[in-house]
Amino acid sequence: MEPELKRQEASIVVVGSFNPTIFNPDWLYRHDLISQADIEGANVELIHRDISKFSTSWFAIDVLQDRFLARTNDESCFLLLRDLIVSIFSILNQTPVKQMGMNINFDLSFRDEGLWHKLGDTLAPKDIWNKSLPSRVGLITLTVKCPRTDQFKGNLRISIESIRHEDIKFGIRFGTNSHVELNNEVTVEHVLLTSWEDSLAHAKQTKDAVIQEAIS
Amino acid sequence: METAQAYSEYYTSETSHADTLVDGFSDRISASNSTSIDLCSADEKKDDATIIDKKNSFKTPEITVAPPIKPLKGNFKLLQLWEGYVVDINEIKHEFSVVAKDKTDTSMPDEEFTMSIEEVPPTDLDLLSIGAVFYWSIGYADYPGRPRSRESRVRFRRLPKWKQADLNNAKKRGNELADFFASYQ
C-alpha cells in the first residue's frame, strides 16, 4: 500500500544580497502584491536589519542579508507564490542575486511499518553496515544530486529523511531542490516563469516513481 | 501609519530578540551556496545544505517535522485547480465569463464557463477586468476546531503596476523602432 501524503510545502530560496528591513507586509501591500485581507491577517515576527520574518494566511517570508525564502504549505497557492516572488524581484530588479532554488517537500506516512523499512533497505542496503555495526541499522537521511539537463546551469537534489510526528508514526520527508545559477540573462523572474510548474510536476513524478520502485 | 509605527516598535524594541534569532540562523546556515531547505535536526552537520529551523526557540528534537505556517493551522487538500482569464463581465447578471485551463489534469482541453461575481473575494474585486488572470481551486479544508469543509477559492493574479517611467521608455523605444523601419520603406 502506497504511503499517504500528509503535507507538502513549496518554497523558493534566493541567494544574494538583501536588505531585510524592506521586506514586510506593508511594502507588499503598497505595491499591490497582496490583498487587504492578507495584510490584515499578517503575522509579523520581526523586521530588523539582519532578519525579516513574517507570514500571512497562505505564505511565509524569511529574509536574511544573504538569503530570501518564501514558502507555502497550501497547494492551491503554489502558483500564487510564484507570482508573488516574480513580482517582488521585478520590482527589486537591481538586487544582486546569484543563485536560486525551487523546492518542494512531501511528508508521507506509511501505514505498514514493513514497507517503511523496505523503502530504507532498498535505497540504502544494510548488509554492508550490519557487518560492522553491532545492532540493526536504520536510514536517517539520504541525499542524491545530479546536474540539470535543461537550459539552466545548476543541479537537482533529492533528499529522503525519516520523520515521526503526532500523525506520522512511520514517515519520510521526500524533498526536492531544483538549483539554478543566476546571471544577467537568467533572472529569478525568468526561471520561475519558465520552470516553476515543471519543477513541481517533476518533483511529484520523481517522488511517485522512486517510492513505487523502492517498495514494489 | 499604525503599521509603520508597529514596525518601528519592532525594530527598536526587539533588538535582543533579533540577535538571538540571527545567531540561531547563523549557527544553522552553512557558508555554502546551497538553495535547499534542510529541516533535519539542528544537531546534524551538513557540509552543503542550508538549514533553516522554523521554530522560534531553535530547540529542535532529534527528528523534526516543520510546524505549520502561522497563523493558519490546518491543511487544504486540493482536489481541483484551474488557471483562467476573464473574457467578459456581465454586471446585470452579476457574473463573468472565463476561459480556463485545468491544472490538475493538463490533458483536458481549455474550458469556457461562467462564474458568479460572488465567487470573487471582496478584496480581489478591483482586479476583476477583461484579461485578468485568476486561479480557482476546490478542495477539502481541515482546520483545528472545525469539521472538514469543502472550499471553493478564487484568487486573482497580482503583478506590479507599470511605472510611468517604464511606460515612457517603452513608448520612446517604440517610436525609435518605428522610425528605423520607416527609413527602409
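How are helix 3 of chain A and helix 6 of chain A oriented to each other? The structure is a predicted model, in which local features need pLDDT of at least 70 and side-chain atom pairs count only at pLDDT 80 or more, while totals for chains, interfaces and linings use all residues. Residues are numbered from 1 along each chain as its sequence is written, chains are lettered from A and ligands numbered from 1 in the order in which they are written, and side-chain values use heavy atoms, leaving out hydrogens and water. Helices (H or I, at least four residues) and strands (E, at least two) are DSSP runs, numbered from the N terminus.

The axes of helix 3 (residues 78-91) and helix 6 (residues 188-215) of chain A come within 9 Å and cross at roughly 170°. Axes here are lines fitted to C-alpha atoms, for helices over the stretch in contact, with angles from 0 to 180 degrees between N-to-C directions. Helix 3 of chain A and helix 6 of chain A are therefore roughly antiparallel; angles over 145 degrees count as such, under 35 as roughly parallel, 65 to 115 as roughly perpendicular and the rest as oblique. The residues of helix 3 of chain A that meet helix 6 of chain A include Leu81(A), Ile85(A) and Phe89(A), and those on the helix 6 side include Leu192(A), Trp196(A) and Leu200(A). Contact means heavy atoms within 4.5 Å. By class, this contact has 11 nonpolar, one polar and three charged residues. Ala, Val, Leu, Ile, Met, Phe, Trp, Tyr, Cys and Pro count as nonpolar, Asp, Glu, Lys and Arg as charged, and the others, Gly among them, as polar.

Helix 6 of chain A also holds Ser199(A). Ser199(A) is buried at a relative accessible area of 15%, where buried means under 20%, exposed over 50% and partly exposed in between (1.4 Å probe, protein chains only). Leaving aside residues up to four places away in sequence, Ser199(A) touches Met102(A) and Ser178(A).

Rings of Phe, Tyr and Trp (its six-membered ring) pair if their centres lie within 6.5 Å; planes under 30 degrees apart count as stacked, over 60 as edge-to-face and the rest as tilted. Over all chains there are 15 aromatic pairs. In one of them, Phe68(A) and Phe89(A) are edge-to-face, 5.2 Å centre to centre with 85° between the planes. Phe68(A) lies in strand 5 (residues 67-72) of chain A and Phe89(A) in helix 3 of chain A, so the pair ties together parts 21 residues apart in sequence. Phe68(A) is buried at 0% relative accessibility, and Phe89(A) is buried at 3%.

Helix 3 of chain A lies across strand 1 (75-90), strand 4 and strand 5 of chain B, running at about 135° to strand 4 of chain B. In chain B, five strands form an open antiparallel sheet in the order 3-2-1-4-5. Its edge strands, strand 3 (111-116) and strand 5 (149-156) of chain B, each pair on one side only. The twist averages 35° from one strand to the next. Two strands pair if DSSP finds at least two bridges between them; strand 4 (residues 133-142) and strand 5 of chain B have eight.
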